[in-house]
Amino acid sequence: MSTAPRPIFTETSAYSLAGVLAVGLVAYTGSKLLLPKNSRWQDRYTFIWLAFDAMIHFSFEGSFLYLSTFGRQVNTSTGPFAELWREYAAADFRWGFSDPTVVSLEILTVLGAGPLCCYILKQLVNDDPARHYWIVVLSTAELYGGWMTFCPEWLTGSPNLDTSNPLYLWVYLFFMNIIWVIIPFGLMYDSYKSIAGSLRKVQATSKVKKQ
């Protein structure tokens, strides 16, 4: 007896994507309320991303971590977040059975990257230039986390990925992960320019004084 194909888009899909959009709206609203009106556009977009990033880490990924530790796993859990993660686990099976590599990376993400996002947000609100160092640290960690999530899977022929469903392939696996590649690279580039520019100014001033 053949199993009926899974629908491309389900009610859980709708609720999950609506939740992500709601988090983005909250992040945008926070930037309007907390940043000065004359903030650089780069800083405004950085604030929106970091606020979005922090809320995703704490709420979505935090719930995954709870459902995947101390003997629990998504596939045998109940509740709205379990449903959400079962939806994603249909695209990447590892998220359903508490893959130790994925869980290990999520521990660092929730307990490390999440609080660091909040710290950088505070620095942004206070216009503290030291934020650029921490942005580089955070972005490097997130790029490494993404690489270690997918590289071992690719090297073994992607046995846990289901790319037959367009929603799974292009939204869950591609879009929901590629933004954690493109945006961190962009943030690192902006912070590099700020750090390098400041150091070059100090160097130039020092050379002038020595003449």
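**A buried serine and its surroundings**

Biologist: Is Ser 77 buried or exposed?

Modeller: In this predicted model, Ser 77 has a relative accessible area of 14%. Buried means under 20%, exposed over 50% and partly exposed in between, with a 1.4 Å probe and protein chains only. Ser 77 therefore counts as buried.

Biologist: What conventions apply to the model and its numbering?

Modeller: This is a predicted model, in which local features need pLDDT of at least 70 and side-chain atom pairs count only at pLDDT 80 or more, while totals for chains, interfaces and linings use all residues. Residues are numbered from 1 along each chain as its sequence is written, and side-chain values use heavy atoms, with hydrogens and water left out.

Biologist: Where in the chain is Ser 77 placed?

Modeller: The chain has six helices and zero strands; helices (H or I, at least four residues) and strands (E, at least two) are DSSP runs, numbered from the N terminus. Ser 77 sits in the loop between helix H2 (41–67) and helix H3 (80–89).

Biologist: Which residues is Ser 77 in contact with, leaving aside its neighbours within four places in sequence?

Modeller: Contact means heavy atoms within 4.5 Å. With those neighbours left aside, the partners of Ser 77 are Leu 67, Ala 82 and Arg 86.

Biologist: Which residues touch the most other members of the largest nonpolar core?

Modeller: A nonpolar core is a set of buried Ala, Val, Leu, Ile, Met, Phe, Trp, Tyr and Cys residues joined through side-chain atoms within 4.5 Å. The largest one has 46 residues, and those touching the most other members are Leu 50, Phe 52 and Trp 85.

Biologist: Which helix supplies the largest share of this core?

Modeller: Helix H1 (11–34), H2, H3, helix H4 (100–125), helix H5 (131–155) and helix H6 (166–210) each supply at least two residues of this core. The largest share, twelve residues, comes from H2.

Biologist: Is Leu 108 buried or exposed?

Modeller: Leu 108 is placed in helix H4. Because its relative accessibility is 60%, Leu 108 counts as exposed.
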